[in-house]
Amino acid sequence: MSQILLTVALPMALAWMMLCVGMTLSVFDFKRVSQYPFKVIAALLAQLVGLPLLAYAIITLLGLPEPIAVGLWLLALAPGGASSNAITHLSGGDSALSITITAISSVVIPFTMPLLLTLFMPELSLVIPLKTAILQLTAVTLLPVLVGMALRHYTDESWFTPFAEKAGKSALWALFFTVIITVSANTEVFHLFASKAAVAVIALCVTGMVMGALIARIMGEKSAVVKTFAIEVGVQNAGTAIFAAVILLGRPEFAITPLLYGILMNIPAFGLIYFYRARQRKVLA
């Protein structure tokens, strides 16, 4: 049952969230992002260089045992994903920028993860199939976004507007659903909630968010881009890390940290969404 939830229900929920995101976007949004390539480059550098450095510092400071340490390192090497795009959208970030960063990072992961993992643990060898990464990205992120954009562009406004409004509200429930799926499929990690592993994953998520926000602030960006950087740098793709640990490395003990992260990272993520929506309600009141 848990396998079905992770392999079928979870991707479907993520794809629905991305469809909802797509219905808020137009081609103009992506043209606007392409005019500022430095934003994308800065975010990617923070993901691919800054976050592994944070992970290494956390591993060293906490003196993490090998299985937990390798799992945290795998997390640091697996940036972004559909969840970060949905969280960015729901917290009032720049969705087009978020999706662009995720799209690029998802394609480069097959090359950067083996290299950086070898630097941390030379005895491990890792090869991520490029075809698998591209197919996952297309099915869960790009295709639903394109469908959502097509609905906005080609359907009648009298039908689209109420549908998009209802769908937008359902995106938050879909995000709750992904959390429930993750928790129900990974109950074996509950005993670790009071452990060093829990401290490590929360620390990685929060410090990553702070680093992303600071970089955007230093660049002089406004609130939407600051939130986007915080989420894209701080929210990692636990699924990719679990896939690398269990399938590619054949070491399921390395998946404990990503499993725990998949649950606990929702605390700061939902915090961002809550404060954004609370502020929206005050503005509208």
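Tutor: Let's start where helix H3 touches helix H10: Lys39, Ala42, Ala43, Ala46, Gln47 and Leu51 in H3 meet Val225, Phe229, Glu232 and Val233 in H10. By class, this contact has seven nonpolar, one polar and two charged residues. The model is predicted, so local features need pLDDT of at least 70 and side-chain atom pairs 80 or more, while totals for chains, interfaces and linings use all residues. Numbering starts from 1 along each chain as its sequence is written, and side-chain values use heavy atoms, without hydrogens or water.

Student: What makes this a contact?

Tutor: The listed residues of H3 and H10 meet, and contact means heavy atoms within 4.5 Å.

Student: How do you know that the span of H3 agrees with its number of residues?

Tutor: H3 covers residues 37–62, which makes 26 residues. The expected span is 1.5 Å times one less than the number of residues, so H3 should reach 38 Å, and its end C-alpha atoms are 37 Å apart, which agrees.

Student: What makes H6 and H10 roughly parallel?

Tutor: Helix H6 (residues 95–120) and helix H10 (residues 223–234) pack at an angle of about 30 degrees, with axes 9 Å apart. They therefore count as roughly parallel to each other. Here Leu97, Ser98, Ile101 and Thr102 of H6 meet Val225, Thr228, Phe229 and Glu232 of H10. This contact divides into four nonpolar, three polar and one charged residue.

Student: And why are H4 and H9 described as roughly parallel?

Tutor: The axes of H4 (residues 66–76) and H9 (residues 196–218) come within 11 Å and cross at roughly 15 degrees, so this pair is roughly parallel too. From H4, Ile68, Leu72, Leu75 and Ala76 make the contact, and from H9, Ala197, Ala200, Val201 and Leu204.

Student: How many of these residues are nonpolar, polar and charged?

Tutor: Eight are nonpolar, none polar and none charged. Ala, Val, Leu and Ile are among the residues that count as nonpolar.

Conventions:
Helix = DSSP H or I, 4+ residues; strand = E, 2+ residues; numbered from the N terminus. Axes fitted to C-alpha atoms, helices over the stretch in contact; angles between N-to-C directions. Parallel < 35°, antiparallel > 145°, perpendicular 65-115°, else oblique.
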